[in-house]
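Colleague: I have a structure open and would like to learn how to read it. Could we go through it one feature at a time?

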Amino acid sequence: LDTRLLLGCVGKPSAGKSSLLNACTDANAKMGDYPFTTIEPNTGVAYYSLPCPCARYCARSSEDADSSAMLPLKRSYCSPRYGRCEGGVRQVPIKVLDVAGLVPGASEGKGLGNKFLNDLRAADVLLHVIDVSGTTDEQGRKTEGY
């Protein structure tokens, strides 16, 4: 499977990065309600659905030239370079990367330091996962009303 897009999930510890990865991809990343459940990056593949060009550029029926009836001639041999075509819908693969959480002071070596930045270096897109529940602090520890 050739994927041309790498999406990196970033955020504080226990923000839900691994939960998001498991929900939108084929991954089975370890999840926990404690900081640094993820030490090594987890990856998975998600698919973005969009209309395939073969659905738009098909030939008119020769028997019914005046009608809008269309024959999906090109669909029978549609073979996209990336992803796949299923019934005129293109499934484009996107590789998703889940890395360890970012903690204050990481640049001074706290948490995993700058290791997570190195893991994200190849990402084309960064998705910042934010926990708005107020149940964890900036370190990823359980709290109330934070």
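Colleague: Let me start with one residue. Does valine 96 count as buried or exposed?

Modeller: One point before that: this is a predicted model. Valine 96 counts as buried, because its relative accessibility is 4% and the cut-off for buried is under 20%. The residue is found in strand 6, which covers residues 89-98.

Colleague: Which residues does valine 96 touch, leaving out those up to four places away in sequence?

Modeller: Its partners are Leu7, Cys9, Leu21, Thr25, Asn42, Thr43, Gly44 and Ala46. Valine 96 and aspartate 26 are 70 residues apart in sequence, with 9.9 Å between their C-alpha atoms.

Colleague: Cys9 is on that list. Where does cysteine 9 lie?

Modeller: Cysteine 9 is part of strand 1. With a relative accessible area of 1%, cysteine 9 is buried. Cysteine 9 and alanine 123 are 114 residues apart in sequence and 9.3 Å apart in space, C-alpha to C-alpha.

Colleague: How much of the contact count in the protein comes from residues 24 or more positions apart?

Modeller: Of the contacts with a separation of 6 or more, 61% are between residues 24 or more positions apart. Buried residues make up 34% of the 146 residues. The protein exposes about 9,200 Å², and carbon and sulfur atoms supply 52% of that area.

Colleague: How many helices and strands does the protein have?

Modeller: There are three helices and seven strands. Read from the N terminus, their order is β-α-β-α-β-β-β-β-α-β.

Colleague: Next, charges. Which residue forms a salt bridge with arginine 84?

Modeller: The general idea is that side chains of opposite charge can pair when their charged atoms come close. Here the partner is glutamate 86, and the closest N and O atoms are 2.6 Å apart. The structure holds one salt bridge. Arginine 84 is partly exposed, at a relative accessible area of 34%, and glutamate 86 is partly exposed as well, at 44%.

Colleague: What ring does arginine 84 lie over?

Modeller: Arginine 84 lies over the face of tyrosine 47, at 4.5 Å from the ring centre.

Colleague: Now the backbone. What is the phi of serine 14?

Modeller: Most residues other than glycine have a negative phi. Serine 14 is not a glycine, yet its phi is positive, at about 60°. Serine 14 sits in the loop between strand 1 (6-10) and helix 1 (17-24). Its relative accessibility of 23% makes serine 14 partly exposed.

Colleague: Last, confidence. Where is it lowest, and where is it highest?

Modeller: The lowest value belongs to strand 3 (residues 59-60), with a mean of 46, and the highest to strand 7 (residues 125-128), at 92. Over residues 59-75 the pLDDT is below 50, and this stretch has 21 contacts in the model beyond near neighbours in sequence. For the protein, the mean pLDDT is 77, and 77% of its residues reach 70 or more.

Technical notes:
Residues are numbered from 1 along each chain as its sequence is written. This is a predicted model: local features need pLDDT of at least 70, side-chain atom pairs count only at pLDDT 80 or more; totals for chains, interfaces and linings use all residues. Side-chain values use heavy atoms; hydrogens and water are left out. A charge sits over a ring if NZ of Lys or CZ of Arg is within 6 Å of the ring centre and within 35 degrees of the ring normal. A salt bridge is a side-chain nitrogen of Lys or Arg within 4 Å of a carboxyl oxygen of Asp or Glu. Buried means under 20% relative accessible area, exposed over 50%, partly exposed in between (1.4 Å probe, protein chains only). pLDDT is the predictor's confidence in each residue, from 0 to 100. Helices (H or I, at least four residues) and strands (E, at least two) are DSSP runs, numbered from the N terminus. Contact means heavy atoms within 4.5 Å. Accessible areas come from the Shrake-Rupley method with a 1.4 Å probe; for residues, only the protein chains shown count as cover.
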